[in-house]
Amino acid sequence: MDASKITESLSKLFHAEGCRIVFWNDPDQEFLETVAELNLDGVTLINSNNESLLELKVKLELEDATGKYLIYSPAMEPAPEDDWLLDIRLYSRSFHADRASILMGELGLTSQSMRAHLSDRKKFLNSKERVSRLKKLIASEDRERDIDMKILAVLSRADQAGIFDILMKLFGEMCSDDACDFKSPTKAWQDIEKFDLAPFFWDQMAKTFGYDAENPSLSDLQIRLLVNDFANTLHGDVPGSLAHFILTQKALATNASVFVSQWRSNLSHYRQYVTIAREIAKELRLDEHIVGYDEQALIDVMTFEEAERQIIRSLRTRITQGRLEKPEELGPVILRRKDGHWATIKLDEYGDNGNIYATTYDALDAVLELLTLRKQYDLGLSYATAQAMYQAYTSELYRFDQLYRLFHEKADTVELAGWDVLKDVQKVVESCYGGWYLDQLSVAWGGFIENASGQEDGLLQRWSISDVRNQQDFFTTQVKPILQSHPRSKVFVIISDALRYEVAEELTRDVNSKFRFKAQLSSQLGVLPSYTALGMASLLPRREYGYKEGTDQVQIDGQSCASLEQRGAILADVDGIAIKADALLAMNKEEGRELVRPWRVIYLYHDEIDDTGDTRSSEGRAFLAARNTINKISRLISFIVNSLNGSNVFVTADHGFIYQDTPPTSLERSDLGIKPEGVIKAKKRYVIGKDLGVSEKAWHGSTRTTAGTSDDMEFWIPKGINRFHFAGGARFIHGGALPQEIVVPIVQVKELEGKAAEKEAAKQVEVSLLGSTRKIVNYIQKFELIQTEKVAGKTIPRTLVISLREGDTPISNEETVTFDSASDSMEERKRTVKLMLKKGDYNNRKEYSLVLRDPATQIEYERVPMTIDLAFINDF
């Protein structure tokens with residue numbers, strides 16, 4: 001410190017703070033020469049070594065009791081018993097110009113006892129840049145431990161001076177991109193050792209986790225922390241090969257889980273956690289040690305990725321070996337794991353495939369639901385009437401098709417990621433779906449197509465079902481009434497080729513999750529044969545329709561209707577237009593409004609499912625096409641309602657489809673032998689023509705009955721799920737009479753406004769904490785929460801991150817829980833959360849909180865006051 005700064009500091013004491021006498025001891029005589037250069041107005045400088053202390057005492061107290069004096073001594077401050085000026089010193093001020101004192105002032109520390117500690121840390125403090133960073137963290141009342149923790153924070157570049165924050169930074173420095181070297185010392189650790197902070201660091205590790213290794217190291221610390229988290233969450237004994245890593249102080253061992261949980265859930269540090277956990281698991285050969293553990297033992301283990309893989313293997317074994325009396329009992333396992341760390345983070349190595357574990361669990365969940373549904377029908381499918389079976393399909397049986405699709409959609413993604421873990425599970429799925437469900441459905445429904453007794457009362461003779469409209473009446477029953485009752489209204493009709501009922505059901509749920517939209521799903525009995533030309537024609541306005549003589553060309557009032565332009569010409573008679581859905585989606589709001597302004601009826605045609613499935617080279621992507629269709633139509637509906645002010649929107653199809661991932665065998669081919677002379681068109685799933693006669697291998701009917709055409713075009717369709725031939729692909733089919741093909745969906749979407757919109761707005765389920773106790777008496781505490789309403793319609797799932805906090809500081813691990821139960825049973829909507837409290841001193845009169853937050857927005861859903869009383873535990 002130069003003379004000017006010393007002058008400034010002393011002037012402040014004398015003039016600003018009103019001190020009369022200031023003592024300055026300079027034992028190292030650093031400022032002996034500087035003292036002579038000082039220019040202090042109105043202040044007398046006295047070197048006490050040159051004075052008689054008794055005479056000086058008399059002068060200061062008797063001769064000049066008002067004058068200002070700086071008493072400088074180039075020596076140590078004397079001991080009290082030897083200090084002649086002690087009484088004056090006690091009511092005066094002391095000035096220090098040594099490095100430690102300067103730092104005391106610069107850092108804003110008030111306790112003079114910190115001068116010695118700062119001197120011990122002079123190697124660290126000998127840097128303006130380090131001191132500047134430390135200054136941002138220091139509080140005036142800080143003591144030795146506080147200062148050292150904050151020095152560790154500076155050296156590790158942690159944002160906060162908490163031990164957990166420092167550890168995350170120290171461990172994170174071991175990683176670069178996807179590589180990790182957790183054995184070599186890092187720059188931060190080298191600095192900690194260089195500045196003599198290592199003993200303090202290891203002392204904190206002992207006090208925080210009970211880590212007191214003879215030769216401590218960061219790599220050993222990491223292994224022990226992760227192994228202890230593994231042990232704390234494992235239901236069963238720790239593998240013997242890992243037992244020696246267990247921390248001996250059980251009261252502190254839970255801190256390992258609290259830290260590891262916060263580490264892997266931290267958005268800034270989770271990637272490093274993933275890399276380090278993988279390296280440590282590899283080092284420990286963990287996969288070899290947990291091979292004997294099942295999903296119940298590992299259900300709560302989130303430490304290592306290997307646990308995720310072992311759980312999936314165990315679930316696969318349970319499913320494939322037929323050890324599932326109650327498939328639904330594995331549902332909670334999947335739900336728990338889907339909320340866990342490895343199934344919720346972004347894993348870069350899988351790219352666009354998303355989280356491969358979440359996808360795998362989704363696939364397994366679909367399997368379990370499929371098997372659970374299958375068990376409900378152990379006695380087979382049997383219905384008294386076609387109406388009863390049709391209603392059964394639209395209320396529940398469609399779920400077989402939906403779950404089969406969802407499984408394959410997810411399984412295909414898993415396979416694309418390079419995993420074959422679901423191969424054996426797929427065999428179980430195919431056996432259930434193709435080997436049981438489709439056979440049962442074919443037999444039960446086939447009995448209503450053509451009555452087995454030979455009486456003319458089968459559906460082929462009267463193609464109608466009570467309370468179900470026929471597809472050819474769509475325009476008359478759905479569109480026309482709106483046009484007549486609302487003269488200024490527009491009606492948008494989205495026709496998606498091969499959009500089958502179960503896909504439309506998922507689309508309906510998706511639309512209903514959006515604000516201001518209300519979608520209702522119903523169905524119509526599709527035309528037969530269920531193929532595009534006939535189905536598309538049946539949806540158009542007309543007086544009559546039928547086939548052009550001698551051809552398979554369907555005409556509306558004598559006009560062809562195969563192309564978009566031809567359909568547009570027909571729609572023009574009702575002030576309508578035909579547009580490709582993709583063309584409208586490519587427009588902005590102004591372009592879209594300009595296009596539809598002159599028209600009252602807008603038919604939008606979309607074709608991805610049928611276009612993909614009807615080609616051999618792409619039929620395997622039919623379920624991906626279904627997913628894309630749901631997403632695209634949902635966007636299209638939003639555009640129509642939000643940008644084009646469309647208040648009446650319908651989504652329907654020309655027909656559905658059947659898809660089996662396993663290629664059909666020759667047993668599923670209906671070989672007609674000789675082709676009838678009257679055949680006009682022959683496809684995999686139907687034959688149309690004149691004078692076809694009858695065949696034992698096919699159902700025979702007339703489109704006048706099954707489609708309402710003005711002429712009698714005859715057809716044959718194979719019985720059950722059979723095909724006439726396999727050309728052009730055979731896994732994706734339509735044209736026949738099974739429910740998947742002829743139960744044609746109608747989704748009606750309306751925009752809600754005002755109170756109706758608020759009433760029908762999608763909302764997340766409510767969640768409540770059960771029990772009246774709000775006191776925590778154990779370091780491991782269980783909380784039971786209940787989803788107060790089931791997921792249904794516009795009541796959608798809610799995901800919460802749950803933790804214990806002191807203010808906003810977490811003092812426990814964090815658990816993610818998704819409340820998505822659709823059960824009517826309150827018992828089945830309960831979820832249990834286990835939280836491990838960080839070891840510490842808790843005041844039983846202070847308020848802590850159980851905090852429930854939305855993981856995406858960090859908005860608090862609820863904060864429940866808690867008291868923590870660990871007195872009994874701390875006593876023993």
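Mentor: In helix H20, Ile356, Thr359, Thr360, Asp362, Ala363, Ala366, Val367, Glu369, Leu370, Leu373 and Arg374 meet Glu396, Arg399, Phe400, Leu403, Leu406, Phe407, Lys410, Ala411, Thr413 and Val414 of H21. Contact means heavy atoms within 4.5 Å. The model is a predicted one, in which local features need pLDDT of at least 70 and side-chain atom pairs pLDDT 80 or more, while totals for chains, interfaces and linings use all residues. Residues are numbered from 1 along each chain as its sequence is written, and side-chain values use heavy atoms, without hydrogens and water.

Trainee: How do you know whether H20 is roughly parallel or antiparallel to H21?

Mentor: The axes of H20 (residues 356-375) and H21 cross at roughly 155° and come within 8 Å. Angles over 145 degrees count as roughly antiparallel, and H20 is therefore roughly antiparallel to H21. The axes are lines fitted to C-alpha atoms over the stretch in contact, with angles from 0 to 180 degrees between N-to-C directions. The helices are DSSP runs (H or I, at least four residues) numbered from the N terminus.

Trainee: How do the residues of the contact of H20 with H21 divide?

Mentor: They comprise 12 nonpolar, three polar and six charged residues. Ala, Val, Leu, Ile, Met, Phe, Trp, Tyr, Cys and Pro count as nonpolar, Asp, Glu, Lys and Arg as charged, and the others, Gly among them, as polar.

Trainee: Is the crossing of H20 past H21 left-handed or right-handed?

Mentor: H20 passes H21 in a left-handed crossing, the term for a near helix turned anticlockwise from the far one by less than a right angle.

Trainee: Why are H17 and H18 described as roughly antiparallel?

Mentor: H17 (residues 305-320) and H18 (residues 331-338) pack at an angle of about 160°, their axes 12 Å apart. The two are therefore roughly antiparallel to each other. Glu308, Ile311 and Leu315 of H17 touch Val333, Ile334 and Arg337 of H18; of these contact residues four are nonpolar, none polar and two charged.

Trainee: What makes a space a cavity?

Mentor: On a 1 Å grid over the protein atoms alone, a cavity is a set of points where a 1.4 Å probe fits but cannot get out.

Trainee: Which helix gives the largest share of the lining of the largest cavity?

Mentor: H21 gives the largest share, four residues. Lining residues, with an atom within 4 Å of a point, include Ala411, Trp419 and Gln426. The lining divides into five nonpolar, one polar and four charged residues.

Terms used:
Parallel < 35°, antiparallel > 145°, perpendicular 65-115°, else oblique. 1 Å grid on protein atoms, 1.4 Å probe; cavity = no way out; pocket = protein on both sides within 12 Å on 5 of 7 lines; lining within 4 Å.
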